[in-house]
Amino acid sequence: MTILITGAGGQLGRALVNQLPAARAVTSAELDITSREALDAFDWAGITAIVNAAAWTAVDKAEDLDSTPSAWDVNATGVANLAWHARRLEIPLVHVSTDYVFGDGEGFLTAEHRIDPQGVYGITKAAGELAARLAPTYYVVRTSWVFGDGPNFVRTMLRLGADRDELTVVDDQYGRPTYTVDLAAALVALLDSGAPSGTYHATGAGDVVSWADFATAILEGSSCKVRPISSEEYARGKTIAPRPSNSALDLSALEAAGITMRDWREALADYRRTL
């Protein structure tokens, strides 16, 4: 099976390349999924599945009127283009989505929970989920709070914490962090599982925490302390996209396919050793 990995230059894309060394991996610069012409000209010979890790992830920038079309092109139109080729070739499509498609809800949010995106980024990702369903076999996989090989919250906290005595981090948004190594393994396992088409959640397992709690775990052993603040206080004077207050995703659909996720604290410890 020859798998095509799109968005291979991002955090998740790099993890997928390490997981699938025999795959055909293309960065966004090498294959523009927003261009039907580029996809039509691409050599699809031998491709038996697509894993789409390409995404516009600049959440706040997506709110700018000048950037909204680009976010839509990558997160929605690009997915539709890939799904069209998956349908033409009768091959499966794995597409990665996000907790930002949700607007409310308490407890663990199931894959069937009503979506209600509050910002442009979430809206474009929700549209991408719908587009992915054009593929004959599709796996829409929502994740949250991703860290891996590239810019991310963990690296930011470690960098800022090295120079400061205190960091302020919001404590009224909750979720579970996800290591790209574990997410990539779950995507590959789902593709290999023969599970039915549908929407799945894949995040780190373990306890649900706030961003402030996550930062505290990251800075464990450091002299830098974390001061919890509200989202309202954090957003004061800034132009930022709305964030879901609850990003705790239920993993039961993934587990029903025989796939389990590692505790995020264990994954964080492993990641720290790579830095």
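Okay, let's start at L16: leaving out residues up to four places away in sequence, L16 touches I5, V51, A53, A184, L187 and V188, where contact means heavy atoms within 4.5 Å. Before I go on, this is a predicted model, with local features needing pLDDT of at least 70, side-chain atom pairs counted only at pLDDT 80 or more, and totals for chains, interfaces and linings using all residues. Residues are numbered from 1 along each chain as its sequence is written, and side-chain values use heavy atoms, with hydrogens and water left out.

So, the cores. L16 and L187 touch the most other members of the largest nonpolar core, which has 30 residues. By nonpolar core I mean buried Ala, Val, Leu, Ile, Met, Phe, Trp, Tyr and Cys residues joined through side-chain atoms within 4.5 Å. Buried is under 20% relative accessible area, exposed is over 50%, and partly exposed is in between, with a 1.4 Å probe and protein chains only. At least two residues of this core come from each of β1 (2-6), α1 (11-19), β3 (47-52), β4 (92-98), β5 (137-143) and α6 (180-193). Those labels are DSSP runs numbered from the N terminus: helices are H or I with at least four residues, strands are E with at least two. α6 gives the largest share, seven residues. There's also a second, separate core of 23 residues, including W211 and I229.

Now the helix pair. How are α1 and α6 packed? Their angle is about 60°, and their axes are 8 Å apart; axes are lines fitted to C-alpha atoms, for helices over the stretch in contact, and angles run from 0 to 180 degrees between N-to-C directions. That makes α1 and α6 oblique to each other, since under 35 degrees is roughly parallel, over 145 roughly antiparallel, 65 to 115 roughly perpendicular, and the rest oblique. On the α1 side, the contact uses Q11, L12, A15, L16 and Q19. The α6 side has T180, V181, L183, A184, A185, L187 and V188.

Most residues other than glycine have a negative phi. E90, in the loop between α3 (68-89) and β4, has a positive phi near 55°. W145, in the loop between β5 and β6 (146-147), has a positive phi near 50°. Buried or exposed? E90 counts as exposed at 67% relative accessibility, while W145, at 9%, counts as buried.
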